[in-house]
Amino acid sequence: YISKQGQFRIGDEMFARECVYTEQAFTEVFSIELVSGTVSLKDKSTILISDELAVTYFGNKDVLGKSLTQIISGQPREYEIGGVFKAFPTNSSFRFHVLTSFDNYFSDPTQRTTIENDWSRWATTFLYLNDKNRHEFVTKQLQQYIKTQNEARPDLLANEFYVEPFV
């Protein structure tokens, strides 16, 4: 799960919105209220948007199949709107309006391994534990990465890693 400010275009109108890049499991684990379409992220040429964004930029929520362009380093990346979800309330831990496949984060797919192993970048990882008592075991395993983290980001030193329940 990587959240990043993105530049988007619909027709001639440009706007910036927080865009979340995530794996398919995200939409299976977390509740996303679907207005229309699907919450599937299997097709990386599709994008999901909130009903608020749809109304703001298209004038209505009936936007399935319409185009949305993301501008990355001056280059357009075309998406088809595959789903519209109800915008999250202000007291939600999630506040994004654009959601797409984690694969779309990598503008150059050949650089994926390099980027994923770059500890100077941040990503959020959600764990779904069938046994809530396993969090102590996972927390213990994470400690081996403290040195790696601190070498990559001496400006942001970690003393420990921990697993925090997300309910």
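**View 1. Surroundings of isoleucine 49 in the predicted model.** Beyond the neighbours within four places in sequence, isoleucine 49 is in contact with Ala54, Phe58, Val63, Leu68, Ile81, Gly83, Val84, Phe85 and His97.

**View 2. The largest nonpolar core.** This core has 21 residues. Ile49 is among those with the most contacts inside it, along with Phe8, Phe15, Ile47, Val63, Leu68 and Ile81. At least two core residues come from each of β1 (2-10), β2 (13-22), β4 (46-50), α2 (51-58) and β6 (75-85). The most is given by α2, with 4 residues. Another core, of 13 residues, lies apart from the largest one and has Phe30, Val39, Phe88 and Phe94 among its members.

**View 3. The ring pair of phenylalanine 8 and phenylalanine 15.** The model has 20 aromatic pairs. In this one the ring centres are 5.9 Å apart and the planes stand at 25°, under the 30 degree limit, so the pair is stacked. Phenylalanine 8 is buried, at 0% relative accessibility, and phenylalanine 15 is buried at 5%.

**View 4. The ring pair of phenylalanine 30 and phenylalanine 126.** This pair is edge-to-face, with 5.0 Å from centre to centre and 70° between the planes. Phenylalanine 30 sits in the loop between α1 (24-29) and β3 (34-37), and phenylalanine 126 in the loop between α3 (112-116) and α4 (135-142); the two are 96 residues apart, and their pairing links distant parts of the chain. Phenylalanine 30 has a relative accessible area of 16% and is buried, whereas phenylalanine 126, at 31%, is partly exposed.

**View 5. An aromatic cluster that includes Phe30 and Phe126.**

Methods
Residues are numbered from 1 along each chain as its sequence is written. This is a predicted model: local features need pLDDT of at least 70, side-chain atom pairs count only at pLDDT 80 or more; totals for chains, interfaces and linings use all residues. Side-chain values use heavy atoms; hydrogens and water are left out. A nonpolar core is a set of buried Ala, Val, Leu, Ile, Met, Phe, Trp, Tyr and Cys residues joined through side-chain atoms within 4.5 Å. Buried means under 20% relative accessible area, exposed over 50%, partly exposed in between (1.4 Å probe, protein chains only). Contact means heavy atoms within 4.5 Å. Rings of Phe, Tyr and Trp (its six-membered ring) pair if their centres lie within 6.5 Å; planes under 30 degrees apart count as stacked, over 60 as edge-to-face and the rest as tilted.
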